[in-house]
Amino acid sequence: MSQTVRSADGTTIAYDRFGSGPALIYVGGATMTRNSDPDLSALLAERFTVFCFDRRGRGDSGDPMPPGAPAQNEERAAASEVEDVAALIAEAGGSAMLYGMSSGGALALEATASGLPVTRLAIYEAPFAEDSPAQRKGAAEYATRLTELLGEGRRGDAAALFMSITGMPEETVAQIRNMQTWAAMEAVAPSLAYDAAVLRYYSRGGTVPVESLAAVTVPTLALSGGDSPAFFGSAAQKIADGVLNGEHRVLAGQTHYVDPHVLSAALIEFLGA
């Protein structure tokens, strides 16, 4: 049975707690809920007290902002999600380690840089893009279109738009839209605006926040998969180079859909050190 905590603005954040040991907060990526990665959660719970939560706008967590609005209000939306992490850290006893998956890694990085009582930070493939005029233009166009679709209540089209920017072929997206699981994708589609916000698609084009990395002083592990697109590894290296005490580790043979046993071994080695 899930538990809840209230964030600074009163928003209810739902979470589950597993295991025992030092507190570890799992920050999920785009479309993920607290139930999306049970195998990894179970493996980590053998060593840590793992907090899996629904980021705002997903699952049983609330969201006071109008659909699509977070993408246009990047600072406010990202600050709200940082406050959600702060509420969970307080619930965990006042300090915690953070693990962020994909765009959840961008949120975990921002939360740590903001000065929250984070003791260690691990990130797997935060999807920060290589910086170029074309990338910045494309990211802003995506955020604009996402905002429009969500504002019009077109959740399915918003989810399909997100899938298209990840490189998924149009015919594959069409097939997925006919599956029974599509309803769940539509349900979390409004939260895609928060992913766009924390990645700063408008203001920074989804690129690495190099200006804030030096504020991260805790031991930091940036992970990438050896078989993933090169930009994931490039972003991980930039994070490791920019923080005070960072390391980039490549998991051989892995992609963005990482094997939980391989990932948990790397996380336990680092977080349990």
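How many helices and strands are there in the protein chain, and where is Asn245 found?

Guide: This is a predicted model, in which local features need pLDDT of at least 70 and side-chain atom pairs count only at pLDDT 80 or more, while totals for chains, interfaces and linings use all residues. Residues are numbered from 1 along each chain as its sequence is written, and side-chain values use heavy atoms, with hydrogens and water left out.

The protein chain has 11 helices and 8 strands, taken as DSSP runs numbered from the N terminus (helices H or I, at least four residues; strands E, at least two). Asn245 sits in the loop that joins helix H10 (230-242) to strand S8 (246-251). Its relative accessibility is 41%, so Asn245 counts as partly exposed; that class lies between buried, under 20% relative accessible area, and exposed, over 50% (1.4 Å probe, protein chains only). For the chain as a whole, 53% of the 273 residues count as buried.

Beyond its neighbours within four places in sequence, Asn245 is in contact with Thr217, Val218, Pro219 and Thr220, where contact means heavy atoms within 4.5 Å. In the protein chain, 75% of the contacts with a separation of 6 or more are between residues 24 or more positions apart. Thr33 is 212 residues from Asn245 along the chain, and 30 Å separates their C-alpha atoms.
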